[in-house]
Each structure stands twice: as C-alpha cells, then as structure tokens.
Amino acid sequence: MDSNRIKEAIKFSSPIMLGYIPIAMAFGLLCKGQNISMLDSTLFSFVFYSGAAQFMAVELLGAGVGMFSIVLSVFLLNLRLFIMSTSLGIHTQKINPKALPVIGFMLTDEAFSVMSFNKEKLNTEFALAVELGPYLAWGIFTPVGYLIGQLMPKSVQTSLEVGLTAMFIALVVPSIKKSSNGLVVSLIGVVTYAIIFYLKFIPSGWDIILAILLSSYIGLKVIMKRGQNV
C-alpha cells in the first residue's frame, strides 16, 4: 500500500469533503421539509449518492410526479457520469478490477476532476482515498441537516428549501465562466421548460424530461452553428 499516494489523495479530497458538508445538510433539510424520514434520507445519501439528482428526485417526489418520470429524469441528469467513467476507463490499468464497481459508484464530478488531472497517480488506493471522504461526508451530514431542521421553526425550514436551485446554480456558474456555451444552453433550457410547462400539453414530470431532451438537442445545434466546440 502506497501511504504517500493515499496522503496526497486525501489532500486533494479534503476541500471536496468540506464543500459537501453544507450541501449534504441542505439535502437533509430538504428531506425534512418534504416529510421524508431521517432513516430514508440517510439511506438516500448513502445508497443513491448522486448530488444534484438527489435534490431533483426529492423535489419531484414532493410534487407528486410519477416514479418512472423521476427515474428517467435522474438517469438523464446523470448521463454525464457515463462519459466520465468512460474517459477514466482507459487509465485504470493500475486499479484492482474488483474495486472498479465501488470506485464507479462513488464517482462524482469533483472526484473525476481530481483523478483526470492526476492520471499518472491513478491506482486503487488513490482513487478510493479521493472518493471515500466526500462520500462519507455526504452520507453523515445528511442526517445532521435533518436534525437541525427539526430544531428550526417551520418558517425557517421553508426558506431553506431552495437547495435544488442553489445546487444547480453551483453546477451552471462554473460552466458559464469557462465558456459562453454554458450560458447559451442554460437559457435554452429555461425557455424550453417554461414553454412546455405553461402549455401543459403533457403530464407533470414528463415536461422536465422533454425539456431536457429538447434543450440538449437545440443547444447542441446552436453551438455547432456558432462553430464552437461543445
């Protein structure tokens, strides 16, 4: 076991872990506001572990959206993880094949970023050390947020139920800073969903799925027409 590489991986993952703590607590608060039990909320984070998709799933559950629509929406949102896994797949020669399912399960945007910039260091110990801390922080601090929610007045809990919006802003803003493509796609997504939502020609839940598919297609066409890389 390479202890130096593990220490280096922990150094990389520590900021991620600290960043996950308030978001996990916000998720716990959101679950409390949606009357999901603390046990279910905790299992949600430990078993599902999907960041923004968790926020979206809980919001959709609270809105009474059907389970199939929720599953499909989460699948579409998490498609990026398939691409990330494929990208890292060609650099897994030093990783024990038995550990790949665990590493794949705990893969997040932030962990992918660390590992993709440190491909030469990528082995079983490094990958697990990068991912384990944030995973535990996310799971442990979800019930902490839930418990805090129990101590807060209902009015304060309601005001804090903006976790989904905040989460997606946190995902979108860095992309917009890097390229105008992020802003273009975001605006297309907002306009597309608003049109579909207010026309109400399809059932609730399916409007989100259709908006994701349409805005992705339109955004791709617009970016290609502008002659920019996706």
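Tyr49 sits in the loop that links α2 (38-48) and α3 (52-62). Helices here are DSSP runs of H or I with at least four residues, strands are runs of E with at least two, and both are numbered from the N terminus. What you're looking at is a predicted model, so local features need pLDDT of at least 70 and side-chain atom pairs count only at pLDDT 80 or more, while totals for chains, interfaces and linings use all residues. Residues are numbered from 1 along each chain as its sequence is written, and side-chain values use heavy atoms, with hydrogens and water left out.

Back to Tyr49. Its phi is positive, about 40 degrees, although Tyr49 is not a glycine. Is Tyr49 buried or exposed? Tyr49 counts as buried because its relative accessibility is 6%. Buried means under 20% relative accessible area, exposed means over 50%, and partly exposed is what lies in between (1.4 Å probe, protein chains only).

Now compare another loop residue, Asn35, found between α1 (3-33) and α2. Asn35 also isn't a glycine, and it has a positive phi of about 60 degrees. Asn35 has 69% relative accessibility, so it counts as exposed.

With a relative accessibility of 11%, Asn78 counts as buried. What does Asn78 contact, leaving aside its neighbours within four places in sequence? The partners are Ser50 and Ala53, where contact means heavy atoms within 4.5 Å.

The axes of α4 and α5 are 4 Å apart, at an angle of about 40 degrees. (Axes are lines fitted to C-alpha atoms, for helices over the stretch in contact, and angles run from 0 to 180 degrees between N-to-C directions.) On the α4 side, the contact uses Phe75, Leu76 and Leu77, and on the α5 side, Leu79, Arg80 and Phe82. Sorted by class, that's five nonpolar residues, no polar ones and one charged. Here Ala, Val, Leu, Ile, Met, Phe, Trp, Tyr, Cys and Pro count as nonpolar, Asp, Glu, Lys and Arg as charged, and the others, Gly among them, as polar.

Stay with α4 for a moment. Its buried residues are Ser69, Ile70, Ser73, Val74 and Leu76. Looking down the axis of α4, these buried residues fall within an arc of 160 degrees, so they line one face of the helix; the arc is that of the directions from the helix axis to the C-beta atoms. On the other side of α4, you'll find Met67, Phe68 and Val71 exposed. And what covers the buried residues? The cover includes α2, α3, α5 and α12 (206-225).

Next, head for the largest nonpolar core, which has 41 residues; Val58, Leu107, Met115, Leu122 and Phe126 touch the most other members. Such a core is a set of buried Ala, Val, Leu, Ile, Met, Phe, Trp, Tyr and Cys residues joined through side-chain atoms within 4.5 Å. Two or more residues come from each of α1, α3, α4, α5, α7 (109-116) and α8 (124-151), and α1 gives the most, with eight. In soluble globular proteins, nonpolar side chains tend to be buried together.

Zoom in on Met115. Leaving aside neighbours within four places in sequence, Met115 contacts Leu88, Leu107, Leu122, Phe126, Ala127 and Glu131. Met115 is also one of the buried residues of α7, along with Ala111, Phe112, Val114 and Ser116. These buried residues pack against α1, α5 and α8.

How do α7 and α8 meet? Their axes come within 10 Å and cross at roughly 145 degrees. Ala111, Val114 and Met115 of α7 make the contact with Phe126, Ala127, Val130 and Glu131 of α8. Six of the contact residues are nonpolar, none is polar and one is charged.

Helix α8 also holds Gly133, which is buried, with a relative accessible area of 17%. The C-alpha atoms of Gly133 and Leu18 are separated by 9.3 Å, while the two residues are 115 apart along the chain.

Finally, step back. The chain has 12 helices and zero strands, and 40% of its 230 residues count as buried. Among contacts between residues at least 6 apart in sequence, 76% join residues at least 24 apart.
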